[in-house]
Amino acid sequence: MMLPVPVTAGLLIIVSYAIGCFSTARVIARHFKQLNIYKIGTGHPDTENIYLNVSKVMGVMVGIVDLGKIYLYLLVLESVFGKIQPAVVQDINLLMIYGFAMIVGHCLPLTNRFKGGRGLFTYIGFAAYFVFWPMLIVSVLAVIVILAFKQIRFAQYMIVLMPPFISYLFPDLRYFFPRLVLFAVLMGVMNYFVSKRLGEM
């Protein structure tokens, strides 16, 4: 017997958040270097802390895993529930909410007193699932900005803010414009709290 769609959707939001709370940075730092990421650098379990204070190669690895984790999760979610209860994944709005719940878990994990990472790579995977080409274009531009001008923070802003506007240039993707603007604003709010914890504000 199938659960009602609102109940299943609610459970999937909780599951998505819980999966987001699973820290890739913590696991990789512990497994490969026997390090406690919470006692290194900023103490944040994120790609930036690993990259700057542990290993650049390991930082790239964490970013790729975070990016792939959410992309694969949404793919599996859509494939599995597309067969057993299509209504909970056929609504793109619901699918985006599941993905963003995972980002919230990454940035504000209950398992670590809401002390998480910035969620940048997780956000890239999230946006790429829905607007792949705009997100790829923005990512390439961000890499150029980092390599040419060493502006990491500006590149981070680009990655969050530009995808809605680039997606609007693609007629088939204009549907996502207001939704991505909303999620970009929510990312800004979350990162405000993350930055406060880091003492940047």
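Student: Which residues lie nearest the centre of the largest pocket, and how many residues line it?

Tutor: The model is predicted, so local features need pLDDT of at least 70 and side-chain atom pairs count only at pLDDT 80 or more, while totals for chains, interfaces and linings use all residues. Residues are numbered from 1 along each chain as its sequence is written, and side-chain values use heavy atoms, with hydrogens and water left out. The largest pocket is lined by 26 residues, and Thr-47, Leu-120, Phe-121, Ile-146 and Ile-152 lie nearest its centre.

Student: What makes a region a pocket or a cavity?

Tutor: On a 1 Å grid over the protein atoms alone, a cavity is a set of points where a 1.4 Å probe fits but cannot get out, whereas a pocket is an open set with protein on both sides within 12 Å along at least five of seven lines; lining residues have an atom within 4 Å of a point. A volume is the space filled by probe spheres set on the points, which are joined across faces, edges and corners.

Student: Which helices each supply at least two residues of the lining of the largest pocket?

Tutor: They are helix 3 (47-53), helix 4 (56-84), helix 7, helix 8 (132-149) and helix 9. Helices are DSSP runs of H or I with at least four residues, numbered from the N terminus. By class, the lining has 15 nonpolar, 7 polar and 4 charged residues. Here Ala, Val, Leu, Ile, Met, Phe, Trp, Tyr, Cys and Pro count as nonpolar, Asp, Glu, Lys and Arg as charged, and the others, Gly among them, as polar.

Student: How many cavities of 30 Å³ or more does a search of the whole structure find?

Tutor: The search finds 1, and the volume of the largest cavity is about 60 Å³. Its lining comprises 14 residues, with Cys-21, Ser-23, Pro-45, His-106 and Pro-109 nearest the centre. That lining divides into 5 nonpolar, 8 polar and 1 charged residues.

Student: Why is helix 7 described as largely enclosed by the rest of the structure?

Tutor: Because 10 of its 11 residues are buried, helix 7 is largely enclosed. Buried means under 20% relative accessible area, exposed over 50%, and partly exposed in between (1.4 Å probe, protein chains only). The buried residues of helix 7 pack against helix 4, helix 6, helix 8, helix 9 and helix 10.

Student: Why is Gly-125 called buried?

Tutor: Gly-125, in helix 7, has a relative accessible area of 0%, and therefore counts as buried. Leaving out residues up to four places away in sequence, Gly-125 touches Leu-67, Ile-70 and Tyr-71; contact means heavy atoms within 4.5 Å. The C-alpha atoms of Gly-125 and Leu-67 are separated by 4.4 Å, although the two residues are 58 apart along the chain.

Student: What makes Phe-32 partly exposed?

Tutor: Its relative accessible area is 47%, so Phe-32 is partly exposed. Phe-32 belongs to helix 2 (residues 24-33). Beyond its neighbours within four places in sequence, Phe-32 is in contact with Met-58 and Met-61.

Student: How do you know that the span of helix 10 agrees with its number of residues?

Tutor: The expected span is 1.5 Å times one less than the number of residues. For the 21 residues of helix 10 (residues 177-197) this gives 30 Å, and the end C-alpha atoms are 30 Å apart, so the two agree.

Student: Why are the buried residues of helix 10 said to line one face?

Tutor: Seen down the helix axis, they fall within an arc of 140 degrees, so they line one face of helix 10. The arc is that of the directions from the helix axis to the C-beta atoms. Among what covers these residues are helix 6 (92-107), helix 7 (120-130) and helix 9 (152-167).

Student: Where is Arg-113 placed, in a helix or a loop?

Tutor: Arg-113 is in the loop between helix 6 and helix 7. Its relative accessibility is 65%, so Arg-113 counts as exposed. Arg-113 has a positive phi of about 55 degrees although it is not a glycine. Most residues other than glycine have a negative phi. Phe-114 lies in that loop between helix 6 and helix 7, with a positive phi of about 65 degrees. At 41% relative accessibility, Phe-114 counts as partly exposed.
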